[in-house]
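Biologist: I have a model open and would like to walk through it with you. Can we take it piece by piece?

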Amino acid sequence: MSKSAMFYVLTLYTFIILFTKSTWCTSTVIIIHGTWAKNESWYQKEGSFFHEIEVANNYMQVVDEIVSFSWSGKLGYPEQLDAGKKLAEKILEYDFVILIGHSHGVTVGIISSMMLGEKNSNGDKNSKIKKTLSTENFEGKRQTIRVSA
């Protein structure tokens, strides 16, 4: 595992282990690609980043499932809004999720978080999303990680 991948994975799992694993529900990591990256492999099951997250999870046993989310990847708010709606629907399939997004994938995650954070008919806020993490230039020298609850 590369040093940058190890740094990201350890940061991710430090936060995940504090907020997810329980015996009464399942937790899922959803990896979201950014603009123009729909056909990239890094975030998909056979991809390098997906694999690094799986390796770390196999060792630490923190989440029950790791999945990827694909959207058009086109630049622009209408595309990101549509993707956010679709991601919100996907999130509802799981008990708790951790979103990992790259570039505009983070925007898609934030849009879905905002949609799910709106009060439901009972006046309760949706609490399925436990953490949102983002990275920029994962395989390059600059490493930025943002975490929001």
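**Loops, core and helices**

Biologist: Is Trp 36 buried or exposed?

Modeller: Trp 36 counts as exposed, because its relative accessibility is 66%, where buried means under 20% relative accessible area, exposed over 50% and partly exposed in between, for a 1.4 Å probe and protein chains only. This is a predicted model, in which local features need pLDDT of at least 70 and side-chain atom pairs count only at pLDDT 80 or more, while totals for chains, interfaces and linings use all residues. Residues are numbered from 1 along each chain as its sequence is written, and side-chain values use heavy atoms, with hydrogens and water left out.

Biologist: And where does Trp 36 sit?

Modeller: Trp 36 is in the loop between E1 and helix H2 (48-60), helices (H or I, at least four residues) and strands (E, at least two) being DSSP runs numbered from the N terminus. Trp 36 has a positive phi of about 65°, although it is not a glycine. Ser 103, in the loop between E3 and H4, also has a positive phi, near 55°, and is likewise a residue other than glycine. Ser 103 is partly exposed, with a relative accessible area of 35%.

Biologist: OK, on to the inside. Which residues of the largest nonpolar core touch the most other members?

Modeller: The core has 14 residues, and those touching the most other members are Ile 30, Ile 32, Phe 69, Leu 87, Ile 91, Leu 99 and Val 108. A nonpolar core here is a set of buried Ala, Val, Leu, Ile, Met, Phe, Trp, Tyr and Cys residues joined through side-chain atoms within 4.5 Å. Two or more residues come from each of strand E1 (27-32), strand E2 (65-69), helix H3 (77-91), strand E3 (96-102) and helix H4 (104-117), and H3 gives the most, with four.

Biologist: What does Phe 69 touch?

Modeller: Setting aside residues up to four places away in sequence, Phe 69 touches Ile 30, Ile 31, Ile 32, His 33, Tyr 43, Ala 83, Lys 86, Leu 87, Lys 90 and Val 108, with contact meaning heavy atoms within 4.5 Å. There is also a second, separate core of eleven residues, which includes Ile 31, Phe 49, Phe 50 and Val 63.

Biologist: Back to H3, then. Which residues in H3 are buried?

Modeller: In H3 the buried residues are Gln 80, Ala 83, Gly 84, Leu 87, Ala 88 and Ile 91. Seen down the axis of H3, these buried residues fall within an arc of 145°, so they line one face of the helix; the arc is that of the directions from the helix axis to the C-beta atoms. On the other side of H3, Pro 78 and Glu 89 are exposed.

Biologist: What is Gln 80 in contact with?

Modeller: Apart from its neighbours within four places in sequence, Gln 80 contacts Thr 35, Trp 71, His 104, Thr 107, Val 108 and Ile 111. Gln 80 is buried, with a relative accessible area of 6%.

Biologist: Changing topic: how many salt bridges are there?

Modeller: The count comes to two, a salt bridge being a side-chain nitrogen of Lys or Arg within 4 Å of a carboxyl oxygen of Asp or Glu. Asp 82 pairs with Lys 86, their closest N and O atoms being 3.1 Å apart, and both lie in helix H3, four residues apart, about one turn of the helix. Glu 54 and Lys 45 also meet through their side chains, at 3.2 Å from N to O. Glu 54 is partly exposed at 22% relative accessible area, whereas Lys 45 is exposed at 56%.

Biologist: And how many aromatic pairs does a search of the whole structure find?

Modeller: The search finds two, where rings of Phe, Tyr and Trp (its six-membered ring) pair if their centres lie within 6.5 Å, and planes under 30 degrees apart count as stacked, over 60 as edge-to-face and the rest as tilted. The rings of Trp 42 and Tyr 43 have centres 5.5 Å apart and planes at 65°, so that pair is edge-to-face. Trp 42 and Phe 49 are edge-to-face as well, with 5.8 Å centre to centre and 75° between the planes. Ring pairs thus link Trp 42, Tyr 43 and Phe 49 into a cluster, in which Tyr 43 is buried at 1% relative accessibility and Phe 49 is buried at 3% relative accessible area.
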